[in-house]
Amino acid sequence: MPDIQRNATRSVAIGSITIGGGAPIAVQSMTATHTQNIDATVAQVNALADAGADVVRIAVDSKQDAAALAEIRRQTSANLSVDLQENYRLAELVAPHVDKVRYNPGHLYHHERTKPWEEKVKYLAGVAADNDCAMRVGVNCGSVDPAKKERYDPADSISPMLESAWEHCELLDSLGFTRYCVSLKDSDPQKVIEVNTRFAERRPDVPLHLGVTEAGMPPDGVIKTRIAFEQLIGRGMGDTLRVSLTVPNDRKPEEIRAGRDILADIAAGRVRSVVDYGLSTLNIISCPSCSRVENEAFVELAAQVKEMTQYAKDHAVTIAVMGCRVNGPGETDDADLGLWCGPNTVNLKKGEETLGQFGYEEILPRLKSELDAIIAAKV
């Protein structure tokens, strides 16, 4: 990482892969266990660290999660990042126990709605500084700052992301807090390339955390991520990265191995000079398994969707399978068909239209009928 003031952890640069003589690129992953299940979460943190994770991110959504995090910290020496959800005030409870705090500008509106976002960020920066923490400004395609999104054509998903990221950087700089990085993620690798390239043209001084969100299941998810990483890292962008895969809990270390394999290939020049991520065929996007997932059957469902839809592989249809209420509602809007999974039912959507809630055992036939109707309409 290029500057200790903007380091993704509180100590020295970490990671073992160096591209083009620059600083090492750190590889990150995220736990998929429920944070309050301390034993399971510690085991997964250590498994990811053993697999080569430089940073392990844990989601905190309640005071109970924050209390569990304190105990998790006592039981592991891994570099920890915390993913703040809808209550930014939890920062003061978790910052003493982690190395980095990640917040999403779009989620700042879920708590204390009448308070200006600038005040919330000032609070977060103060907490981070007091606790020797770095921060990540995590801008995500499916949860963009609503005030930014309404200013642009709905077809333009990149401009509101950029405006939000630049604005937050300017505020943090004005506060004298420069120990931060930015991530700009989408499920489409071409958009990931574009949004990060445009951001870096204006703010080359700000470290970037790279990732393709909801990349899906391997091998497709690895391929999508590789496309973005090759082109961005090959142009000198990227300080930390994550490969987000939809896999069962015991396979989460695959994310680390995939990231390190991609980095090694880029360092050795084993890359595609021109990549066309063809969107003229079936595209299934699914979020990685993480602690926000409310029913682990989501992972199996994603695999079943992939298998069931093989007959439609030559049709330009996008199906999104999301595992939680945080990203599910927004990040299925741009898909032809979207499934976001709750504890007991699956919400089926057609674009932004909600079609209803269905049991896990009954969703596939209904999904197939909707898919067949879309294909028929396109013919």
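**Exercise 1.** Find what Val-56 is in contact with, leaving aside its neighbours within four places in sequence.

*Solution.* Start with the contacts: Val-56 touches Ser-29, Thr-31, Val-45, Leu-48, Asn-79, Leu-80 and Ser-81, where contact means heavy atoms within 4.5 Å. Next, pick out Leu-80: it is 24 residues from Val-56 in sequence, yet their C-alpha atoms are 5.1 Å apart in space. Then place Val-56 itself, which sits in strand 3 (residues 55-60). Strands (E, at least two residues) and helices (H or I, at least four) are DSSP runs, numbered from the N terminus. Last, Val-56 counts as buried because its relative accessibility is 0%. Buried means under 20% relative accessible area, exposed over 50%, and partly exposed in between (1.4 Å probe, protein chains only).

A word on the ground rules: this is a predicted model, where local features need pLDDT of at least 70 and side-chain atom pairs count only at pLDDT 80 or more, while totals for chains, interfaces and linings use all residues. Residues are numbered from 1 along each chain as its sequence is written, and side-chain values use heavy atoms, with hydrogens and water left out.

**Exercise 2.** Work out which residues of helix 12 are buried, and what covers them.

*Solution.* First list the buried ones: Ile-363, Leu-364, Leu-367, Glu-370, Leu-371, Ile-374 and Ile-375. Looking down the axis of helix 12, these fall within an arc of 140 degrees (taken from the directions from the helix axis to the C-beta atoms), so they line one face of the helix. A handy rule here: an α-helix has 3.6 residues a turn, so residues three or four places apart point the same way. Finally, the cover over the buried residues includes helix 10 (297-308) and strand 11 (318-322), along with strand 12 (337-341), strand 13 (345-350) and strand 14 (353-359).

**Exercise 3.** Look at the loop between strand 8 and helix 8, and say where Glu-214 is.

*Solution.* Glu-214 lies in that loop. Its phi is near 50 degrees, a positive value in a residue other than glycine. Glu-214 is buried, because its relative accessible area is 2%. The loop between strand 8 (208-210) and helix 8 (220-233) also holds Pro-219. Check the bond joining Pro-218 and Pro-219: it is a cis peptide bond, with omega about 5 degrees. For background, most residues other than glycine have a negative phi, and most peptide bonds are trans.
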